[in-house]
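Dear colleague,

I am passing on the structure below, and my notes on a few of its residues and side-chain pairs follow it. Please read them alongside the model.

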Amino acid sequence: MKVHKVSPRSRNDQRKRHPPKNKWRVHNKKISNVDPSGLSSSPATAKLEHHLATRQKLKLKRLQKVYTKAVDLTLEDNHSVRAKGKVSAPVTLPHVHTNGGTEVEAASDSEDSQEWRSYAKSVLQNGMEQGGGWENSAPAASEQLEDKELPGYHAQHDHVQNHTVLVLQQGQSLCFRGRCLLTCLSGRVEVLGFTIEQGQQPYPLFSPSTHCPLTITALGDCTPSTKNKKEGRLEAKAIVRKYLSSEPRKRLLSEVDSDSCVVLLQPLDTPLTRFLSSFSELHLLFDINSKELHSQASVYDPALSAVGVTALRGPCSRGLVMSPSYREALGNLLSAWEGDFDRCPIVLVCGARNSGKSTFNRHLINSLLNHTASVEYLECDLGQTEFTPPGCLSLSTVTEPLLGPPFTHQREPDHMVFYGQADCQADLDRYLDSLKTLWRHYSRENPIIINTMGWVKGHGFQLLLDLIRFFSVTHLVQLSYGDTPQCHSLTPEFLRSAQGWQTHPPSQPSITEEPVSHLSARSHVLLSVHSEFEEAGTSGTMRHQRSNELRDLALLGYFSQLQSAEPGPVRPLHCFTPYQVPHSAVAIGVTHCEVAPNHILYAANASLVGLCCLGEKVSGRGGPVLLSQIPICHCVGVGVLRGVDMARGLYFLVTPVPPAALRQVNCLLLGDIKLPKILFTTQHGVEMELPYVTTDYSFDVTGAGKLHVFKNRTRSCFVNAKTNN
């Protein structure tokens, strides 16, 4: 396809204004230190604290406005603890560590009376005097007091270099919201199954409110070391001195041990984060969600906040909840790849909607990447894709860990087919034929993970049976939740008699290079996983957690690739110079419904289209070339058909696909995947009426809606009868 740029602009001026920098930009932020010298003390009360500490560990309830920072302890407005009323005996606060924990030094037994001991204990535990000496600024004191201790991490921020050094002991973890760039300076840490060791490259971490929060866990050293504990401690302290200036360094060195894991956290600034932050609706996407806010799960720590990280505590800090069956299935799959299985694992993951399939897939991919250089991934879920925009089936080779949700790692797959819908109910045969086309490109040299839809009833269950047979699956992971199973257990015995959409018992896989007689004797290993996280089986109710919102985020993540990698202002989608494509150079078709030929260009205008490559040459005589049938062909990406010029016979396309790949495109497919409304309603720089946006429209008019066509579909009652027989 011939591709030309409309009004090409020189980028030399932009390069002069923005000199080349690293992909991850470090922002400069300032945080003021607080002098805690104004804190009051009392020898008598301190003596009581020593006595109480010898009996049991002391727990303090803190006022909500008292933030325990990584450096000092301070109130929000004052530098010292002050009482509004008259206080008969000042209270000495315990020694405060840099991680926000408390410690009381042991002393000899106190000889005070039992009444005075009760009184002192009430002051220490409740944070206020029973007689009115300590008052709470909020109406309900019980709502403002916090019972739980802060997590035991140690972090310090360097203002000059604008990064934070985090020290974790073995087994300690940091569950957080936000985004950052992580570098392991000493030891080993694990994030969602992937192990990051000293000397490896920095990895971007994305923990938005839409998904389960990420957790950084410190691991022990699995390799024997020739260094003793003293040498290890000195080496770790040398690393801290290298990355921190003198003032914050002093506070952190005392917490460093030979077994400590030292991690460097930096602010993360990418084209994706800048593009998403330009929309007011998504400005708080990486902050805590409403549930965490209501339960007061966030921990204020200036050292972490300076790099865009908010620590969590309490029940919300559990992170990924793994049931015993989850851990067992993960261990069995890792053992299969490490040599306990006679061939390359072909893992199919299935389950009902919201059962945890996507999270399990990411965890499994990350765990496999600890042992192999690459993992292949076959996407069979049209609605919740992992690497591509929704409505696409794809085969990808994964070489980097997945440390965030799908919209944070949109990338070009090895092979892709544009289906054009968020589900396959309209044409089941085209769905299966598309997957067969992709499967022929599987190299069979790496383990492959097959992600499936959450449609496990009726025709969806029949399709699942077909996929198991087509791909000759070796390991089948079936996720479930609750007490009632969502579908029949997919045991090898059940598959010998179950009826699929295109396959019939006995099962004989049709996509293989090996003789059918060899494959028919093989059976898969069934790994049943029971999901035990809190919201298993329920759709997300909070903002940006519904399936259509996640699809919008995936599309925004895809089009964020248009933004410059260099720091600078965000350019809205309508500000990019489009490619112009002659009508006669490409064919156009509609995948999901029937449209009159003279209305196709009206339907395609300002819509998302798949950029596909037909096997035959397309040639027209001036007018648009229309497809009579929807082909199954290679797709290089998607774009926005932002305009049609009938006078000059041109299409205008905006897409992040590079020009080299666009030259191979000779087909545009219009599907049912809608562009996010936010792209239309937020068009900066546009005065008067917004293009393509109207409120004066009625769906009651005849012909205003689309006509759905379901090919070769039978009624659900017959499907259930076939499945049960």
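Asn451 lies in strand 22, which spans residues 448–451, and in this predicted model Asn451 is buried, with a relative accessible area of 1%. The side chain of Asn451 is joined to that of Tyr377 by a polar contact of 3.3 Å, and, leaving out residues up to four places away in sequence, Asn451 also touches others, including Val349, Lys357, Asn361, Cys380 and Gln384.

Salt bridges come to nine by the rule applied, and one of them pairs the side chains of Glu386 and Arg362 at 3.1 Å, N to O. Because Glu386 sits in the loop between strand 19 (375–379) and strand 20 (392–398) while Arg362 belongs to helix 11, this pair ties together parts that are 24 residues apart in sequence. Glu386 is buried at 2% relative accessible area, and Arg362 is buried at 5%.

Helix 11 (residues 357–369) also holds Ser367, which counts as buried at 4% relative accessibility and which, its neighbours within four places in sequence aside, is in contact with Gly193, Leu330 and Leu334.

Another salt bridge, at 3.9 Å from N to O, links the side chains of Arg430 and Asp427; Arg430 is buried with a relative accessible area of 8%, and Asp427 counts as buried at 12%. In helix 12 (residues 428–439), Asp433 and Lys436 are three residues apart, about one turn of the helix, and their side chains meet in a salt bridge of 3.9 Å, N to O. Here Asp433 counts as partly exposed at 30% relative accessibility, whereas Lys436 is buried at 14%.

Conventions. Residues numbered from 1 in each chain as written. Predicted model: local features only at pLDDT ≥ 70, side-chain atom pairs only at ≥ 80, totals over all residues. Heavy atoms only, no water. Helix = DSSP H or I, 4+ residues; strand = E, 2+ residues; numbered from the N terminus. Buried < 20%, exposed > 50% of the residue type's maximum accessible area, 1.4 Å probe, protein only. Contact = heavy atoms within 4.5 Å. Polar contact = N/O pair within 3.5 Å; in protein donor to acceptor, adjacent residues only side chain to side chain. Salt bridge = Lys/Arg side-chain N within 4 Å of Asp/Glu carboxyl O.
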